[in-house]
Amino acid sequence: MGFEGRFTVEKLNLDQLNTFVQVVRQGSFSAAGDVLGLTQPAVSLQIRQLEQRLQVRLLERVAKRVRPTSSGEVLLEHVGRINTAVDDALRAMADHAQEIAGAITVGTGATACIHLLPPLLRELKQAYPLLNIGVRTGNTDDMVKAVEENRLDIALVTLPASGRNLQLTPLLQDEFVAIFPAEDPNAPTLFTPQTLGALPWVAFEAGSSTRRLIDAWFLSAGVKATPVMELGSIEAIKEMVAAGLGYSIVPRMALSGARGNPLTPTLERTLAMALRQDKPLNRALQKVIAGLNGFKK
C-alpha cells in the first residue's frame with residue numbers, strides 16, 4: 001500500500017479523538033455524550049469512523065463498562081501528546097497576537113450580574129476595545145454544566161459546587177442579611193431562624209443554590225420556614241418587600257449600600273470562579289480571569 005493509501009496524522013479528526021478519550025474516561029457512550037453534548041448515536045458514529053480510519057478496534061466492553069483495547073491504550077498515549085501540541089500552538093498564536101481580542105462568554109447569577117460584574121466589564125471594555133465579553137445568567141448547577149460542556153468559557157458560581165474536569169477558585173464571601181419594609185412594626189430586634197420563621201417570607205425560587213443555603217440555615221435551627229412567594233429575580237424580591245408583602249433574606253451585595261439586618265447566626269455564601277481544567281488560556285481569557293481574581297479579599 002502506497003503512502004497516499006495510508007492514514008496520516010494530518011487526516012486524524014481531533015473531535016473524534018476527544019470523543020474517544022471521553023468514552024474511555026466515562027466508561028460508556030451515553031455518559032461521554034452527556035459530557036460532550038452529543039447523542040449516543042453521534043458518539044458511536046465518531047468512534048466507528050475513527051476505528052475505520054485507523055483500521056483497528058479501539059474499544060471493548062468488559063463487565064458492562066467500555067474499556068480501551070491494547071490498540072486503544074496506545075492511541076491514548078498519543079492523544080495526550082497531540083493535545084499538548086495543539087495547546088502549545090494555540091498559546092503560541094495568542095502570544096503573537098497584537099491585540100487582546102476575541103469573544104469570551106461568562107456565566108453568572110443574576111445578583112452578581114447586576115451588582116458585581118458591571119464595573120469589571122466596563123474596565124475590560126475600555127482597556128481592550130476588541131475584546132467582546134458576553135454574559136449568560138442562570139443558577140449554579142446550570143452554569144457548572146455549561147462550563148463542563150464548553151458552552152461557557154468561565155462562570156461565577158456559588159459554592160458548594162462540583163463537576164467533572166472542573167477547577168473551582170474561591171473569590172469572595174458575601175454575607176446574607178434580612179430586609180424588611182421601611183418602618184415595619186413586625187420587624188424583630190434579633191434576626192434568628194426562630195424569629196423569622198413565623199413571618200411572611202418572600203424567597204428565592206426553589207432549587208437555586210442561594211435558596212438551598214437559606215433553607216439549610218433555617219433547618220440547622222430546627223425551623224421549617226414556608227415562603228409566601230418564590231421569585232427568581234432579586235429585584236422583584238426587593239420590590240415585593242418594599243410593598244409590605246413580607247421580608248426576605250438576600251446577599252448583602254444586592255443592596256448596593258442600603259441597610260440590611262445581620263442574621264444570627266451569620267450566613268454567608270462563597271462565590272467562586274469555575275473553569276475547565278483543560279481549557280486553553282488565550283490572552284483574552286487570561287485578562288478576564290485576572291479581572292475576576294481582583295474580587296479576592
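**View 1. Asp278 and its salt bridge with Arg276.** Asp278 is partly exposed, with a relative accessible area of 35%. Here buried means under 20% relative accessible area, exposed means over 50%, and partly exposed lies in between (1.4 Å probe, protein chains only). Arg276 is buried, at 13% relative accessibility. The closest N and O atoms of Arg276 and Asp278 are 2.9 Å apart. A salt bridge is a side-chain nitrogen of Lys or Arg within 4 Å of a carboxyl oxygen of Asp or Glu. By this rule the count comes to 10 salt bridges. The model is predicted: local features need pLDDT of at least 70, side-chain atom pairs count only at pLDDT 80 or more, and totals for chains, interfaces and linings use all residues. Residues are numbered from 1 along each chain as its sequence is written, and side-chain values use heavy atoms, with hydrogens and water left out.

**View 2. The network of Lys145, Glu149 and Arg151.** Salt bridges that share partners join these residues into one network. Glu149 and Lys145 meet through their side chains at 2.9 Å, N to O. Glu149 is buried, at 17% relative accessibility. Lys145 is partly exposed, at 40%.

**View 3. Arg252 bridged to Glu175.** Their side chains form a salt bridge of 3.0 Å, N to O. Arg252 lies in the loop between strand 9 (248-251) and strand 10 (261-262), and Glu175 in strand 6 (residues 166-179), so the pair ties together parts that are 77 residues apart in sequence. Helices (H or I, at least four residues) and strands (E, at least two) are DSSP runs, numbered from the N terminus. Arg252 is partly exposed, with a relative accessible area of 31%. Glu175 is also partly exposed, at 22%.

**View 4. Thr210 in helix 9.** Helix 9 spans residues 209-220. Thr210 is buried, with a relative accessible area of 9%. Leaving aside its neighbours within four places in sequence, Thr210 is in contact (heavy atoms within 4.5 Å) with Phe176, Phe204 and Arg269.

**View 5. Helix 6 against helix 11.** The axes of helix 6 (residues 117-127) and helix 11 (residues 283-293) come within 11 Å and cross at roughly 140°. Axes are lines fitted to C-alpha atoms, for helices over the stretch in contact, and angles run from 0 to 180 degrees between N-to-C directions. Leu117, Leu120 and Leu124 of helix 6 make the contact with Lys287, Val288, Gly291 and Leu292 of helix 11.
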